[in-house]
Structure formats: C-alpha cells, structure tokens
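Open the model in your viewer and keep the sequence beside it. The stops below say what to select next and what is there.

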Amino acid sequence: MTLGYERPLYVLPFDHRGSFESGLFGWQGALGPEQTARIAEAKQVIYDGFRAAVASGVPKERAGVLVDEQFGAAILRDAARQGYLTAAPVEKSGQKEFDFEYGEEFVRHIEEFGPVFSKVLVRYNPEGDPVLNQRQTARLKNLSDYLRSKSKSRFMFELLVPAEPAQLDRLNGDKHAYDLELRPQLMVQTIEQLQNAGVEPDVWKIEGLDRREDCEKIVVAAHRGGRDQVGCIILGRGEDDRKVREWLTTAAAVPGFIGFAVGRTSFWNPLVDWRAKKITRNAAVAEIARRYEGFVEIFETRQKAVPA
C-alpha cells in the first residue's frame with residue numbers, strides 16, 4: 001500500500017479500558033465475566049449512537065469507530081460487516097511506556113479482526129528519558145515494518161507529548177503555557193525522530209492545537225521527505241465541548257488535517273447519566289449521536305469555508 005491516508009476520517013474512539021473500569025464503574029483489579037459484560041454493554045450504547053449518527057446523515061464512507069478487542073470484539077466485527085471504517089488499539093491501556101497488549105501475539109490479533117487501522121497511543125517527549133524513548137521506538141518500528149510489508153491494516157499513531165518536570169519548571173508550572181509555547185515544537189521533533197527511526201504512520205492522531213500555524217507545522221513534518229499523502233486528525237483529549245470545537249475549527253482550516261477522533265467529549269456524560277439512571281438508554285444513544293454529528297458538522301463546515 002502507498003503510505004498515507006488522505007480521505008476524510010471522522011472517528012468516534014471508545015477504546016478506553018482503564019477509564020471505563022475505574023472511572024465509569026469504580027472497579028479495581030481483575031474483572032469478572034459480569035463486569036466485562038457491563039462494560040461491553042456500555043460500549044454498545046456508544047456504538048448505537050454512532051450508527052444513529054450515520055443513519056442521520058454522517059457520510060458512512062468517512063465514519064469510523066475505534067474500539068478495543070477486550071470489550072468491543074462484537075462491535076469490531078459488526079462494524080466491518082456494515083462497511084464502517086474500523087480501528088483497533090494494539091497497546092496496553094494506561095501505560096506510560098508503549099508496549100503491545102498481546103505481546104508477540106500482536107500480529108495474530110490484528111489479522112483476526114482486520115481493522116482498517118491499527119492504532120497505538122504513545123507518550124513520547126523528545127527531551128525525556130532517551131532509554132525509554134529508544135525502547136518504545138524499537139517496538140514501534142517492529143509494528144510499522146509489519147503493517148507496511150505484511151498487513152492490509154494501516155498504521156494510526158496517537159501521539160501524546162506529556163511535559164517533563166524541567167519543561168514545566170521553565171514555565172513556572174503553567175500547563176497552558178506548555179501546551180501553547182512548547183508542546184507544538186516538541187510534537188514536530190517527535191514526528192521527525194520517529195520518521196528517522198523508520199516508524200511510518202499513515203495517520204497521525206494529534207493533540208489539539210490552538211494556533212493554525214502550529215497545525216501547519218505538524219502537517220509539514222508529517223509530509224516531509226515525500227510523505228505527502230500522510231493524514232493528520234485532531235483528538236479531543238477529553239476536553240469540554242467548547243474547547244474541542246475550537247480545536248476542530250482550527251485544524252479543519254489546514255490542508256493535511258483530514259478529520260478528528262473525539263471520544264470522551266462525545267460519550268462520557270451521556271454514559272454517566274445513563275448508568276445513574278438519570279436518562280434512558282435511548283436518550284443516551286441520541287445524545288451521543290447528536291454530539292458526534294455536531295463535531296462532523298463543525299469540521300466539514302469549516303473546511304468548506306476555506307478557499308481551495
């Protein structure tokens with residue numbers, strides 16, 4: 001396959017695992033079958049919201065779900081049958097260091113489900129621990145090489161650049177200043193370092209950026225060296241609706257940003273209310289659909305407003 005993915009891509013991600021176990025249900029430790037089933041049931045509510053949004057007009061060929069095998073195997077299989085774009089994570093959940101959920105068996109799990117995208121979430125700061133970064137990079141190159149040469153699944157890379165203590169110290173602990181002044185350039189450095197190491201995503205999943213010029217720099221980095229078809233999508237990072245809308249509006253104006261992946265902002269509050277029996281299941285489904293549709297509308301409206 002040619003490196004990259006240029007078509008519009010609107011992802012509803014709900015591959016969260018630890019946050020469902022402890023955050024939504026308040027459980028700790030190993031789960032029993034009944035607990036596993038309850039989380040799977042909650043994820044089915046999200047999936048039904050996604051399907052309702054597509055039925056209401058979100059373009060099916062642009063609509064995707066990102067869901068994990070542990071709680072969403074049935075959803076992955078159904079979404080593939082229905083012709084939706086599918087993505088599945090290959091990383092262990094909630095780890096500071098990237099590693100494979102299924103160890104050396106990661107290939108078998110990818111091919112069993114055949115997702116359109118195999119996704120990794122990676123925390124990588126180029127000024128962080130170099131030994132840690134090297135370990136992660138080696139695993140990521142292993143995955144990249146496999147996907148490039150032996151799989152039909154494309155490579156989606158969710159890049160998080162957490163602040164190092166020394167970086168925050170330089171900014172007097174101001175996390176907003178870090179996001180605005182330091183993180184964008186660190187993201188560019190990370191993309192270039194990983195590319196130089198042979199890690200070649202088709203799609204970069206990028207934390208929200210406040211300035212158009214920073215989005216443009218990310219695209220330049222993603223496209224450098226003939227990688228012109230590599231796509232970028234913006235993620236929601238669990239922020240409130242207003243902030244996510246700002247990020248979508250900013251990114252949509254930049255050629256090279258092909259869409260978004262907004263999860264918790266789309267589904268978390270409706271799920272919490274449904275679990276607390278404050279709203280019905282149907283109401284939760286409808287609210288998730290409404291939020292997802294709204295993010296699609298923001299992105300597409302902004303793109304159409306930008307001169308070609």
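Select Y292 and show the residues around it. Beyond its neighbours within four places in sequence, Y292 is in contact with Y10, V11, L12, F50, A53, V58, A63, G64 and F260. This is a predicted model, and the values in this tour are computed from it.

Y292 is one of the residues with the most contacts inside the largest core, together with F157, F257 and F260. That core has 85 residues. Helix α11, residues 281-305, gives the largest share of the core, 9 residues. Another core, of 12 residues, lies apart from this one; L66, A87, V203 and I258 are among its members.

Now hide the side chains and look at the strands. Eight of them, in the order β1-β2-β3-β4-β5-β6-β7-β8, form a closed barrel with parallel pairing. From one strand to the next, the twist averages 25°.

Helix α3, residues 69-82, lies across β2 and β3 and runs at about 155° to β3. Helix α7, residues 175-196, touches β5 (154-160) and β6 (203-207), and its direction makes about 155° with that of β6.

Stay on α7 and show D179 and R183. These two form a salt bridge, with the closest N and O atoms 2.8 Å apart. Both lie in helix α7, 4 residues apart, or about one turn of the helix. Are D179 and R183 buried or exposed? Both are buried.

Move on to R17 and E101. Their side chains meet in a salt bridge, 3.6 Å from N to O. The pair links distant parts of the chain: R17 is in the loop between β1 and α1, and E101 is in the loop between β3 and α4, 84 residues apart. R17 counts as buried because its relative accessibility is 6%, whereas E101, at 28%, is partly exposed.

For the last stop, select R108 and E105. Their salt bridge has its closest N and O atoms 2.7 Å apart. R108 is partly exposed at 46% relative accessible area, and E105 is partly exposed at 40%. Across the whole structure, a search finds 33 salt bridges.

Key:
Residues are numbered from 1 along each chain as its sequence is written. This is a predicted model: local features need pLDDT of at least 70, side-chain atom pairs count only at pLDDT 80 or more; totals for chains, interfaces and linings use all residues. Side-chain values use heavy atoms; hydrogens and water are left out. Two strands pair if DSSP finds at least two bridges between them. Helices (H or I, at least four residues) and strands (E, at least two) are DSSP runs, numbered from the N terminus. Axes are lines fitted to C-alpha atoms, for helices over the stretch in contact, and angles run from 0 to 180 degrees between N-to-C directions. Contact means heavy atoms within 4.5 Å. A nonpolar core is a set of buried Ala, Val, Leu, Ile, Met, Phe, Trp, Tyr and Cys residues joined through side-chain atoms within 4.5 Å. Buried means under 20% relative accessible area, exposed over 50%, partly exposed in between (1.4 Å probe, protein chains only). A salt bridge is a side-chain nitrogen of Lys or Arg within 4 Å of a carboxyl oxygen of Asp or Glu.
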